[in-house]
Amino acid sequence: MFVLCCAYWNLIVCTSQITCQALDPCSPPDLSSLLLRSPSLSLSGFSTMTEPSKVIHVRNVGHEISENDLLQLFQPFGVITKLVMLRAKNQALIQMQDTPAAVSALQFYGNVQPAIRGRNVYVQFSSHQELTTMYQNAQGRGDEPNRILLVTIHHMLYPITVEVLHQVFFPHGFVEKIVTFQKSAGFQALIQYQSRQSAVAARTALQGRNIYDGCCQLDIQFSNLDELQVNYNNERSRDFTNPNLPSEQKGRSPQPGYGDAGGVYGLQGTGARAVGFPQMANAAAIAAAFGGGLPPGISGTNDRCTVLVSNLNPDKIDEDKLFNLFSIYGNIVRIKLLRNKPDHALVQMGDGFQSELAVHFLKGAILFGKRLEVNFSKHPNITQGADTHEYMNSNLNRFNRNAAKNYRYCCSPTKMIHLSSLPQEVTEEEIVNHLEEIGTIVNTKLFEMNGKKQALVLFETEEQATEALVCKHATSLGGSIIRISFSQLQGI
């Protein structure tokens with residue numbers, strides 16, 4: 001139980017996840033929200049607001065924040081009649097039973113800063129006076145029961161496969177079909193039950209639950225699709241009513257997926273149409289790296305090359321540090337720090353597969369005290385300009401040669417880094433001296449492979465290892481420009 005304290009109001013909220021702290025007047029506003037404001041109302045902590053509404057607009061709603069967290073934040077002020085999560089925008093809309101309840105909530109949070117799971121959230125009146133069914137379904141989903149569920153997995157630290165999803169959902173009814181895919185909101189799946197009652201029971205039982213302890217949280221909505229048509233039975237899709245389907249289409253890349261309206265599988269639903277994707281670039285290198293398959297959680301169907309990175313530490317980050325981090329997962333074309341949002345940046349990768357690797361492995365990574373938000377950008381590319389840094393022709397891009405080896409080494413940040421291109425006469429002491437300013441070094445190992453000196457360095461935390469990589473990759477040690485990657489070894 002956590003007590004929210006205010007000079008004139010004592011309020012008890014029953015949750016260990018929600019905290020309040022002094023309002024930070026320096027918190028950067030969301031510039032897009034300025035369009036919704038008018039000077040018609042002024043509350044403590046809010047200089048200008050729209051007209052009072054029973055609908056509250058919540059910003060900075062990270063993937064780790066669930067519907068239940070938001071409910072607990074606002075339920076002390078009155079009955080909540082509707083809640084819409086806008087995952088792609090990290091926002092939410094909450095409709096109270098009446099306007100006075102919403103006014104009470106904003107008056108209170110005008111004096112204390114609400115935070116959920118360590119993340120500040122920002123609240124204001126919405127320009128909407130009412131959340132209609134049409135608005136709720138604007139994201140292609142809603143609360144009208146349907147036998148097909150749209151499932152988004154947040155904080156996905158472990159691979160989620162068709163088999164894992166079937167194990168989670170089949171106790172609530174016969175699962176006919178499952179399709180997994182990658183979208184801007186993250187890793188998603190469509191689960192088709194035999195009956196609508198089974199889908200309702202599954203959503204009621206599983207919404208907000210974690211598949212694994214502390215991670216892989218389920219965000220479940222009803223889909224507006226009528227039927228899933230699955231053409232292949234493999235690790236990304238399965239028709240449990242037709243076990244005789246092939247694993248892939250002959251002569252085609254074995255990486256089909258849904259995309260926006262249904263991908264090459266095809267969907268029958270309102271406004272749906274078949275959409276195909278081009279084959280992945282560097283297909284031969286990818287096949288060689290992953291033995292003809294793909295890492296768990298990677299669809300291989302993404303065609304968006306640009307990644308939006310947010311929640312950066314603007315005092316410590318720069319374009320070269322971002323290059324060092326993202327170049328582990330592919331070649332970098334250009335990077336742009338957003339001047340109107342100093343904790344945001346755009347990173348354009350060499351192709352859609354490389355950007356999918358970056359989103360998959362870096363989402364939730366901690367860098368300079370901040371947990372990164374990494375999602376696909378709505379921009380297909382970054383326009384060249386005075387505020388962009390070009391890396392297309394950089395000889396530091398890792399995937400211009402030995403692409404298969406570099407793909408094989410892709411992983412989430414670990415506590416251990418691997419150093420190569422070291423001078424032949426280097427010592428462990430010199431390596432420690434070069435890196436120890438970053439953090440506590442637990443162990444080191446200097447070795448030789450194919451006549452070249454290499455090293456492993458184990459840090460106390462993943463964050464320290466990540467900072468060592470972004471700060472020390474491509475720096476000079478003993479006259480040599482060293483290369484740093486994450487190591488997947490568990491110990492030295």
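These are my notebook entries on what I looked up in this structure.

**Ground rules**

I am working with a predicted model, where local features need pLDDT of at least 70, side-chain atom pairs count only at pLDDT 80 or more, and totals for chains, interfaces and linings use all residues. Residues are numbered from 1 along each chain as its sequence is written, and side-chain values use heavy atoms, with hydrogens and water left out.

**Entry: the whole chain**

I looked up the helices and strands and found 11 helices and 33 strands. Both are DSSP runs, numbered from the N terminus: helices are H or I with at least four residues, strands are E with at least two. The chain has 492 residues, and 53% of them are buried. Buried means under 20% relative accessible area, exposed means over 50%, and partly exposed lies in between (1.4 Å probe, protein chains only).

**Entry: strand β23**

I looked up β23, residues 345-349. Five of its five residues are buried, so the strand is largely enclosed by the rest of the structure. One side carries Ala345, Val347 and Met349, and the other carries Leu346 and Gln348. Which strands pair with β23? Strand β21 (residues 306-310) does, antiparallel, over four bridges. β22 also pairs with β23 in the antiparallel sense, over five bridges. Pairing here takes at least two DSSP bridges between the strands. I noted two bridge partners in β23: Gln348 for Thr306, and Ala345 for Leu337.

**Entry: aromatic pairs**

I found eight aromatic pairs. Rings of Phe, Tyr and Trp (its six-membered ring) pair if their centres lie within 6.5 Å; planes under 30 degrees apart are stacked, over 60 edge-to-face, and the rest tilted. Phe108 and Tyr109 have ring centres 5.1 Å apart and planes at 75 degrees, so they are edge-to-face. Phe108 is buried at 0% relative accessibility, and Tyr109 is buried at 1%. Tyr329 and Phe361 are stacked, with 5.8 Å between centres and 20 degrees between planes. That pair links distant parts of the chain, 32 residues apart: Tyr329 sits in the loop between α7 and β22, Phe361 in helix α8. Both Tyr329 and Phe361 are buried. I also noted a cluster in which ring pairs link Phe74, Phe77, Phe108 and Tyr109.

**Entry: salt bridges**

I counted 11 salt bridges. Each has a side-chain nitrogen of Lys or Arg within 4 Å of a carboxyl oxygen of Asp or Glu.

Glu130 bridges to Lys54, with the closest N and O atoms 3.1 Å apart. Both residues lie in loops, and the pair ties together parts that are 76 residues apart in sequence. Glu130 is partly exposed at 40%.

Glu227 bridges to Lys177 at 2.8 Å. Glu227 is in strand β18 and Lys177 in strand β14, so parts 50 residues apart in sequence are tied together.

Arg339 and Glu319 meet at 3.6 Å, N to O. Arg339 is in the loop between β22 and β23, and Glu319 is in helix α7, 20 residues apart. Arg339 is exposed at 57%, but Glu319 is buried at 7%. Last, salt bridges with shared partners join Arg147, Glu176, Lys177 and Glu227 into one network.
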